[in-house]
Amino acid sequence: MSLVVLLGGARAGKSALAVSLAQRWSGPVAYIATAEAGDDEMARRIEQHRAERSQSWTTIEEPFALRDALSALGADTLAVVDCLTLWVANVLTHGDAVLAEAEAVAELAAARAAPVIVVTNEVGLGVVPASALGRDYRDVLGTVNAAFVSRATDAAFVVAGRPLALSPAWQPEVFRG
């Protein structure tokens, strides 16, 4: 039906926009969270995100097997994937090949009957990372983001909570009808 990609900087309002879009869906919603609480600050962020979404939504905490999580959803379930940024970091940390898996996940997301809203960070607009690892991560995430956006029905760059269209006719499926 539609793949919507919300791309932007940290704290730009991507997740809030994804939640707002998902609230318009009349069917079931699954929130696939890729974050892991590795410290107290991250645990607080995760709790804040939980508080922002509907209690009627299903929450799936899946830091690695994103394709499996999407595949397990009902055909009428809208999925919010929050976020690719952490998923890529998680997969890379475990030494797994992320690019082929990202292509497969993007294909699956684009082919689903119900919409998929994907949140991801743009990390290539700032200072070039000082370390090779940082540069590799930036490059891989940029390639993953491009794989998702190339398959997206709608994509937006989110700045200060406002979507700037990356698609010719920005109007996510969940806005229509």
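Predicted model: local features only at pLDDT ≥ 70, side-chain atom pairs only at ≥ 80, totals over all residues.
A search of the whole structure turns up seven salt bridges. Several of them are taken up here in turn.

Start in helix α2, which spans residues 40-52. Arginine 45 pairs there with glutamate 41. Their closest N and O atoms sit 2.3 Å apart. The two residues are four positions apart, about one turn of the helix. How exposed is arginine 45? Its relative accessibility is 34%, so arginine 45 counts as partly exposed. Glutamate 41 has a relative accessible area of 36% and is also partly exposed.

Next, take glutamate 107 and arginine 151. They form a salt bridge with closest N and O atoms 2.6 Å apart. Glutamate 107 belongs to helix α5 (residues 98-111), while arginine 151 belongs to helix α6 (residues 132-151), so this pair ties together parts that are 44 residues apart in sequence. Glutamate 107 is partly exposed, at 45% relative accessible area.

Now look at arginine 138 and aspartate 139. Their side chains meet in a salt bridge, at 2.9 Å from N to O. With 41% relative accessibility, aspartate 139 counts as partly exposed.

One network remains to be described. Which residues do salt bridges with shared partners join? Glu47, Arg50 and Glu61 are linked into one network in this way.

Definitions and conventions: Residues numbered from 1 in each chain as written. Heavy atoms only, no water. Salt bridge = Lys/Arg side-chain N within 4 Å of Asp/Glu carboxyl O. Buried < 20%, exposed > 50% of the residue type's maximum accessible area, 1.4 Å probe, protein only.
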